[in-house]
Amino acid sequence: MPVESISAVTLSVKDMARSVVFYRDLVGLNMLYGGESAGFTSFGIGGGYLNLIATDQPVGWWGRVIFYVDDVDELHAQLVSQGLKSDTDPADAPWGERYFHIFDPDGHELSFARPLEKQ
């Protein structure tokens, strides 16, 4: 297959400072470039990147980014304790993942998941 991996996902954001605080401080991503006053910010995730680009265009729902995490329930509790509203509670899905959904400040849907161990 000619496509080997995804290098990055880039999300457009209305307020870079608000989005950097969300992804860096609340979700805990490692910021590699940019920052609260930048027009472009990049976070490292495994061997790939989540990029944010500031825009004055309308931002709306377009799909979902799925992140694998060590502990779905712990991250959910952490985010909810910081005042964020989760779209779903952690649950085991029939496709073999434990997951929950949450929206970032611009309405991008994020899923945090972990493969379920095979019995």
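**Exercise 1.** In which sense do strand β3 (residues 40–45) and β4 pair, and over how many bridges?

*Solution.* A quick note on the ground rules: this is a predicted model, where local features need pLDDT of at least 70, side-chain atom pairs count only at pLDDT 80 or more, and totals for chains, interfaces and linings use all residues. Numbering runs from 1 along each chain as its sequence is written, and side-chain values use heavy atoms, with hydrogens and water left out.

Step 1: Strands (E, at least two residues) and helices (H or I, at least four) are DSSP runs, numbered from the N terminus; two strands pair if DSSP finds at least two bridges between them.

Step 2: read off the pairing. β3 and β4 run antiparallel over six bridges, with S42 opposite N51 in β4.

Step 3: check the turn. Two residues sit between β3 and β4 in this hairpin, and G46 in the turn has a positive phi of about 60°.

**Exercise 2.** Find the parallel partner of strand β1 (residues 8–13).

*Solution.* Look to β4 (residues 48–54), which pairs with β1 over six bridges.

**Exercise 3.** Work out whether V27 is buried or exposed, and what it touches.

*Solution.* Step 1: locate V27, in the loop between α1 and β2 (30–33).

Step 1: apply the cut-offs. Buried means under 20% relative accessible area, exposed over 50%, partly exposed in between (1.4 Å probe, protein chains only). V27 has 14% relative accessibility, so V27 counts as buried.

Step 2: list contacts (heavy atoms within 4.5 Å). Leaving aside neighbours within four places in sequence, V27 meets F22, L75, L79 and F112.
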